[in-house]
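Here are a few notes on this one, as promised. Have a look at the model first, then read on.

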Amino acid sequence: MDIKEYISSGIIELYVMGLCSPEEEKELEALRPQYKELHEAILQYEKDMEEKMLRYATLPDAETDKQILQQLASLNTPVVQMRPVQSTGLKFNWMRSVAAAAVILLGISAYFNYTLYNKTKKQAALISNSTSSPLPAADYTVITNPAITPVALYGVGSHAICRCTMFWDKSTGKAYIMIHHLPRSSSSKDYQLWAEVDGKTVNVGIINDAIRGRFIEVTNVPNQSIAFKVTLEQSGGAAQPTLAETYLEGKI
Amino acid sequence: MIFTFQFSRLEQKPYTETELVTALKSRDNDAYKHLYLHYRGALYNNILQLLPDREIAADVLQEVFLQIWKQIDKYDETKGRLFTWMLKLTRNMAINQTRVKNFKVHSKNEDISNYVSIIEERNNQHTGINHIGLRQQVHKLRPEYKDVIELSYFQGFKQEEIAEALKLPLGTVKTRLRNAVIELRKEFK
């Protein structure tokens with residue numbers, strides 16, 4: 001195939017604009033990994049298009065901005081509030097709210113189940129007892145649970161600015177971590193949580209630090225732990241902590 | 001003062017594309033705020049090209065960002081840039097909205113022949129449009145190019161449907177589409 005001719009045939013423009021037929025799309029996607037120049041030409045056109053579109057921008061009014069930003073912020077709010085309906089309200093509306101809330105909860109739950117499943121699958125090979133996932137709903141119940149032991153994790157050495165709070169439920173062996181300040185790990189690194197038990201340092205699990213402003217659930221926290229630390233390890237975690245890379249420490 | 005400072009930081013695009021996508025996939029609040037502030041103007045302008053009513057366009061914009069939040073896991077970085085994906089989503093949603101609108105106004109038979117007759121009507125409407133963008137460039141193209149882009153890009157019809165509606169061989173539609181986008185690339189600067 002003459003790849004230069006193919007590149008200049010207009011196919012790239014059609015592809016990026018979403019106007020290819022399914023066959024043309026399939027062909028291009030099969031050729032793309034084989035020809036670097038094709039891949040680069042696609043990227044270039046995408047960048048051009050983006051840059052032009054950003055230039056021809058029309059801003060919505062301030063009210064629209066406010067409304068959409070508020071909605072986006074509320075999507076991340078974990079608690080779905082079901083307010084009691086006024087007695088004058090129609091029963092039909094109440095049923096609709098419950099149905100909508102149920103659908104939202106189901107959606108959120110499905111998403112987190114999926115995330116948890118993937119994360120678990122990825123790490124199972126390396127570290128058998130480590131799981132970490134965001135806690136989907138009702139975060140405040142973590143803090144209000146009387147069985148919870150809060151543990152403040154402070155930055156160590158040059159990482160003094162780092163802060164996390166851990167809420168440890170000894171009865172279930174679960175802990176919920178909130179990141180207040182921690183640099184984002186790169187794709188080749190992961191933060192790993194360790195517990196100190198009987199004078200030994202035991203792996204607890206990987207912390208999915210992409211999750212910000214929410215609780216990250218960690219399971220299998222040893223019941224006799226007296227202290228915790230967080231180190232930065234290679235992606236997937238390590239068998240022993242790299243102490244030079246200790247970011248956080250906290251004692252019960 | 002502090003608020004202004006933080007706001008301008010958000011506008012400065014503090015993320016690389018990969019960082020942004022990772023943060024979006026983990027439903028990071030700041031990432032969505034950044035995404036909205038950075039891309040709303042471009043996407044809104046694209047919606048306005050199809051739906052000149054600002055209020056309707058704003059509703060579609062809101063729905064677009066909601067769908068981005070819901071569907072972000074479907075976005076595949078190996079297939080293209082985030083903006084390309086968002087633009088396709090935006091275009092589909094705006095087209096759906098125009099169909100809803102036309103369905104109400106025009107006819108119960110939602111087939112392409114109606115749209116071809118609507119093209120002329122719309123072409124006239126859109127010459128007076130204030131929102132400069134791709135569609136204005138398309139309207140500068142010669143008629144046979146303009147029609148195929150109008151039907152495919154702005155109205156979402158498949159190549160076969162266009163061939164049938166314009167009573168042209170499929171090969172001719174394909175050639176015209178390719179030439180049209182090459183021409184457009186030169187013109188749309």
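1. Contact here means that two residues have C-beta atoms, placed from the backbone, within 7 Å. This is a predicted model, where local features need pLDDT of at least 70, side-chain atom pairs count only at pLDDT 80 or more, and totals for chains, interfaces and linings use all residues. Residues are numbered from 1 along each chain as its sequence is written, and chains are lettered from A and ligands numbered from 1 in the order in which they are written.

2. The contact draws 42 residues from chain B and 33 residues from chain A.

3. Now one helix pair. The axes of helix 5 (residues 62-75) of chain A and helix 3 of chain B come within 9 Å and cross at roughly 155 degrees (axes are lines fitted to C-alpha atoms over the stretch in contact, and angles run from 0 to 180 degrees between N-to-C directions). So helix 5 of chain A is roughly antiparallel to helix 3 of chain B (over 145 degrees). A:Ile68, A:Leu69, A:Leu72 and A:Ala73 meet B:Asn29, B:Tyr32, B:Lys33 and B:Tyr36 there: six nonpolar, one polar and one charged.

Terms used. Helices (H or I, at least four residues) and strands (E, at least two) are DSSP runs, numbered from the N terminus. Angles under 35 degrees count as roughly parallel, over 145 as roughly antiparallel, 65 to 115 as roughly perpendicular and the rest as oblique. Ala, Val, Leu, Ile, Met, Phe, Trp, Tyr, Cys and Pro count as nonpolar, Asp, Glu, Lys and Arg as charged, and the others, Gly among them, as polar.
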